[in-house]
Amino acid sequence: MNPLAPIVASSIVGLVVLVSFDPVSVSVALVCEVLTLPWLRLPAQRMWPIVGIVGVSAVLGAMGTALYGRPSGETLFAWGPINVTTGSLDLAVLVGLRIVAIALPGALVFAATNLTSLADALTQIARLPSRFVAGALSSLRMMSLLADDWRTMGYARRARGLASRSPQQFAGQSFALFVRAVRRGSALATTMEARGFGGNNERSWARVSVWRTRDGLIVAGGFVIAALVVGISVGTGSWQVVVFG
Amino acid sequence: MSVPVGVDARNWRWQFSGRAQPALHDLSFTIAPGERVLLTGPSGCGKSTLLMALAGVLGADQGSDEGLLLVNDGAPDAGRRLTGLVLQDPETQVIMERVGDDVAFGCENFAVLPEETWRRVSAALESVGLMGDGLSVSLDTLTGVLSGGQKQRLALAGVIAFEPGLLLLDEPTANLDPQGVIDVVAAVTRVVNETGCTLVVIDHNPAPWQELLTRVVALDVSGGLASESSVYPHVTRAHVAPTRDPGDVVMSTVNLAVGRPGQPVISVPDLTLRAGTITALTGINGSGKSTLSLTLGGLLPPQSGEIIVGASLGHGLRARHVPSPHLWPARALVRRIGSVFQSPENQFVQPTVRSEVGLGLRVTGVDHHEAADRVQSRLSLMGLADLASAHPFTLSGGQKRRLALISAAVTQPGLVVIDEPTFGQDDNSWVDVVTLLDELARAGSAVVVTTHDPDLLAVVDDIVALSPRVPSS
């Protein structure tokens, strides 16, 4: 499977859900998404944390809407600016479901993607500039090193007698981490440059990224789901487009 | 197959932007194709800068040059494909997530066709002794799980895969344990013998390279040429005889197990650290030396077991803080325990060398004039007085380590814990560092060092060997 295929497919579905604003389309999209997720073959222990994070954001989003959303229907509870009505509750459920339907597929697809193959696909198939893609790839790998640096700097500040937990200390350490990141980055850039990266010469790709029929079918699957979402929603007469402003 | 490449320098000079003095000047020398050269000189003299210049990665944005520096009769940056550079820090030399992709990276940049690339990747990984019969590394192995020594050999493989004619190694063994050093030197030897390429290597401990090298190019302290010789110098270090008097127990441990967040717990032998002594912790990379150092230094909580703080070290602490140093407030800690980390850059928190050294004195409220005097004497002792206004990050590797050492020791704490104090030191600064350790001990501190350095081990009072063990309970 080419890593671009599920990304494109999930973006198509996500876009339709983003545009629509009714319970039927978001439900159809969610059902289709849950049914197709096993194809990602993402191990459960990596999937659940993501589901958890998306779930919590959805609940938070829904709560905000329930408490402060545009009041309509019967008032259930009112206190100061808080006004919970049957209308705002309906809206809250819809907002929560939309967050899940839009964020979950993207997050899971990204987690299931090998970054190196994604970079290969982006340069060879999507034809993005290789300097940009390889640079982004190597900087992502550096994130875990920065986490270690942050911890070590915390030790250092304490060892030097500086460790109070004040905002200034935090700012100081953040700046130190920034300096450190720049320095690590330039060291890595030297390594890459010494191996010929960044010149204007022609480049080859050791791993050939191929786009097979199957990948086309996956993208087609994205369109089919999008069509189902719109079709069923329009067919049941509940289709509504999100109104901005 | 690579064709060996020569170097020709004629009155070459390099000056970093914003520096008053040139980093390198009046350099005239030639290296014939196929020669194997040790580049040497005092800590901070510009060895690494010269190597970067040869690799063609010193940009016009970093400074300016005069004279001629030729690699294979051309400009170094035009000949990047001819030179392969391996640096000191294993972490900043890993580019890709998987071993095979990492080695292929250079070949891709030089537009080697895929089939040929993969043939070379396998051959390179076999040459450096990472892949082959009985070895566990494959093309799909994640680069993150490799040890420091394996990462350095990976970097070497990534360089030789595009078949350079000049191999440039900047202290490739500095961060490695003894087995890692042996493996890397063996890999370089095999590669150089197989390909016949020219070799320029910087190493503060040149002994392991002795068999391979044919010549020495030495720089002097100002970045000029000191001498060229075809005879390899025999290095001896002036040893400080350990005739110190052990005092009271400053700290001891019972059944201690240490660990970092998210990593396995390691149990360590019981320690008794006495005032006036130097204790060395040895063991392979990953045996827990650094983790134990951080724990003794009050920066990590013990995982199990006990740290017993001696009466002199614990004097003046609140009773509830005494049991373990990780409970101490930072200001109480800096008075009592000095810590120097493996990577000194991580511990610098001030914009100048002078304020870095003075920090411990400022936070503990030492009189301003006295503090300035103490800072000045420490800087002179370590040969850093001229750099007092420089930013710590701009120092060389060996200078940074000395700065970290005096910054931690300036408050004369009862316990000083130092991770690898002699990394990156030349013979002179090695003596400075060991002299300071000795002075600290004689002034009544208990000194703990982690080290692989046999010369340092010869002058300590006690050696504790760590081996990776799981706690019995």
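Which residues have the most contacts inside the largest nonpolar core? They are Leu51(B), Leu156(B) and Ala157(B), in a core of 108 residues. Let me say how that core is drawn: buried Ala, Val, Leu, Ile, Met, Phe, Trp, Tyr and Cys residues joined through C-beta atoms within 7 Å. Buried here means 20 or more other C-beta atoms within 10 Å of a residue's own, exposed means 12 or fewer, and partly exposed is in between, with C-beta atoms placed from the backbone.

Some housekeeping, friends. This is a predicted model, in which local features need pLDDT of at least 70 and side-chain atom pairs count only at pLDDT 80 or more, while totals for chains, interfaces and linings use all residues. Residues are numbered from 1 along each chain as its sequence is written, and chains are lettered from A and ligands numbered from 1 in the order in which they are written.

Helix 4 of chain A, residues 86-112, gives it the largest share, 9 residues. Helices (H or I, at least four residues) and strands (E, at least two) are DSSP runs, numbered from the N terminus. Leu156(B), leaving out residues up to four places away in sequence, touches Val86(B), Val128(B), Ala187(B), Val188(B) and Val191(B). Touching, or being in contact, means that the C-beta atoms of two residues, placed from the backbone, lie within 7 Å. There is also a second, separate core of 69 residues, and Val268(B), Val357(B), Val375(B) and Val448(B) are among its members. As background, nonpolar side chains tend to be buried together in soluble globular proteins.

Now the domains, whose bounds come from an automatic or database domain assignment. Chain A has domain 1, made of 4-119 + 209-235, and domain 2, 127-194. Their C-alpha centres lie 33 Å apart. Chain B is assigned domain 1 (7-229) and domain 2 (249-465), with 32 Å between their C-alpha centres. Where those two domains of chain B meet, 13 residues come from domain 1 and 15 residues from domain 2. On the domain 1 side, helix 5 of chain B (residues 178-195) provides the largest share, 3 residues. That side divides into 3 nonpolar, 8 polar and 2 charged residues. For those classes, Ala, Val, Leu, Ile, Met, Phe, Trp, Tyr, Cys and Pro count as nonpolar, Asp, Glu, Lys and Arg as charged, and the others, Gly among them, as polar.

How many residues does each chain bring to the contact between chains A and B? Chain B brings 48 residues and chain A brings 37 residues. On the chain B side, helix 2 (99-109), helix 3 (114-127), helix 4 (148-160), helix 8 (330-336) and helix 9 (353-363) each supply at least two residues. By class, the chain B side holds 27 nonpolar, 12 polar and 9 charged residues.

Let's stay with helix 9 of chain B. Its buried residues include Val353(B), Glu356(B), Val357(B) and Leu361(B), and their cover includes helix 8, helix 10 (368-381) and helix 11 (397-409) of chain B. Why is Val357(B) called buried? Because it has 27 other C-beta atoms within 10 Å. Beyond its neighbours within four places in sequence, Val357(B) is in contact with Val375(B), Arg378(B), Leu379(B), Ile406(B), Ser407(B) and Val410(B). Just after helix 9, Gly365(B) takes a positive phi of about 75°.

Next, helix 10 of chain B. At 1.5 Å a residue, its 14 residues should span 20 Å, and the end C-alpha atoms are 20 Å apart, which agrees; the expected span is 1.5 Å times one less than the number of residues. Arg374(B), Val375(B), Arg378(B) and Leu379(B) are buried in helix 10. They cover an arc of only 130° around the axis, so they sit on the same side of the helix; the arc is that of the directions from the helix axis to the C-beta atoms. The face turned away from that buried side carries the exposed residues His369(B), Glu370(B), Asp373(B) and Ser380(B).

Most residues other than glycine have a negative phi. Asn255(B), not a glycine, has a positive phi of about 50°, and it is found in strand 10 of chain B, residues 249-258. Gln412(B) also has a positive phi, near 45°, and is found in the loop between helix 11 and strand 16 (415-419) of chain B. Gln412(B) is partly exposed, with 15 other C-beta atoms within 10 Å. Thanks, everyone!
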